[in-house]
Amino acid sequence: MFSKATEYALRATIYIAKKGTEEKKLGMEEIAKAIDSPQSFTAKILQSLTKDNKVVSSARGPNGGFFMTDKAKKLPVRIILQVMGEDEVLEKCVLGLKRCSETEPCPMHAQYKAIKQQLIRLFASKTIQQLTDDMEEGAVYFKNKKR
């Protein structure tokens, strides 16, 4: 559904929200390993997520790294999609048609319409903190298990 960059951004944000604090900042290498992402790719993703400290905060220097504020943890998950430039994915036609609408529907429009609205509500209402809480309860998994 989303690009690999956005998938990694979602996972990185959840990991940072769960493990990083202002006192215990996380290094880029640790984050990359935790989300199964190449380090150089993770660095670019973190650069986007830290722009204006909107989602993830960072500090430079020997004690630097990445963390999230309590305020940022209360943001909806959809903010990550916006930062990564993929917010419109939720609004687009499932077949990728530019002119899909009520008056000019694609073959899947009627069936996908309800699903699309559910997705939009999910990403707008679920907070980053709620995702980390689900992880702490052990109800969800974060990365693929090695076989």
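Of the 147 residues in this chain, 38% count as buried, where buried means under 20% relative accessible area, exposed means over 50%, and partly exposed is what falls in between, with a 1.4 Å probe and protein chains only. Before I go on, please keep in mind that this is a predicted model, in which local features need pLDDT of at least 70 and side-chain atom pairs count only at pLDDT 80 or more, while totals for chains, interfaces and linings use all residues. Residues are numbered from 1 along each chain as its sequence is written, and side-chain values use heavy atoms, with hydrogens and water left out.

Let me start with the overall layout. The chain has seven helices and two strands, and along the sequence they follow the pattern α-α-α-β-β-α-α-α-α; here helices are DSSP runs of H or I with at least four residues, strands are runs of E with at least two, and both are numbered from the N terminus. Taken along the principal axes, the C-alpha atoms fill a box of roughly 60 × 35 × 30 Å. Among contacts with a separation of 6 or more, 64% are accounted for by residues 24 or more positions apart, a contact being heavy atoms within 4.5 Å.

As for the surface, the chain exposes about 9400 Å², of which carbon and sulfur atoms supply 51%, the areas coming from the Shrake-Rupley method with a 1.4 Å probe and, for residues, with only the protein chains shown counting as cover. There are 26 positive and 18 negative side chains, and the centres of these two sets lie 3 Å apart. In that count Lys and Arg are positive and Asp and Glu negative, with His and the chain ends not counted, and each charge is placed at NZ of Lys, CZ of Arg, CG of Asp or CD of Glu.

Now to the aromatic rings. A search of the whole structure finds two aromatic pairs, where rings of Phe, Tyr and Trp (its six-membered ring) pair if their centres lie within 6.5 Å, and planes under 30 degrees apart count as stacked, over 60 as edge-to-face and the rest as tilted. One of them joins Phe2 and Phe123, which are edge-to-face at 5.6 Å centre to centre with 80° between the planes. Because Phe2 lies in the segment before helix H1 (4–19) and Phe123 in helix H6 (residues 109–125), this pair ties together parts that are 121 residues apart in sequence. Phe2 is buried, at a relative accessible area of 14%, and Phe123 is buried as well, at 12%.

The other pair is Tyr8 with Phe41, whose ring centres are 5.6 Å apart and whose planes stand at 85°, so this pair is edge-to-face. It links Tyr8 in helix H1 with Phe41 in helix H3 (residues 39–50), parts of the chain 33 residues apart. Tyr8 is buried, with a relative accessible area of 9%, whereas Phe41 is partly exposed at 29%.

What else does helix H1 hold? Ala9 lies in helix H1 and counts as buried, at 0% relative accessibility. Leaving out residues up to four places away in sequence, Ala9 touches Ile45, Leu49, Ile80 and Met84, and its C-alpha atom is separated by 7.5 Å from that of Leu49, 40 residues apart along the chain. Tyr15 also lies in helix H1 and is buried at 12%; the C-alpha atoms of Tyr15 and Leu131, 116 residues apart along the chain, are separated by 9.8 Å.

Let me close with some charged residues. Lys25 lies over the face of Phe67, at 5.5 Å from the ring centre, which is to say that NZ of Lys or CZ of Arg must be within 6 Å of the ring centre and within 35 degrees of the ring normal. Lys54, in the loop between H3 and strand S1 (57–59), is partly exposed at 47% relative accessibility. Apart from neighbours within four places in sequence, Lys54 is in contact with Ala72, Leu75 and Ile79. Asp36, in the loop between helix H2 (28–34) and H3, has a phi near 55°, a positive value in a residue other than glycine. Finally, Asp70 in helix H4 (residues 70–73) is exposed, with a relative accessible area of 56%, and its C-alpha atom is separated by 8.5 Å from that of Gln129, 59 residues apart along the chain.
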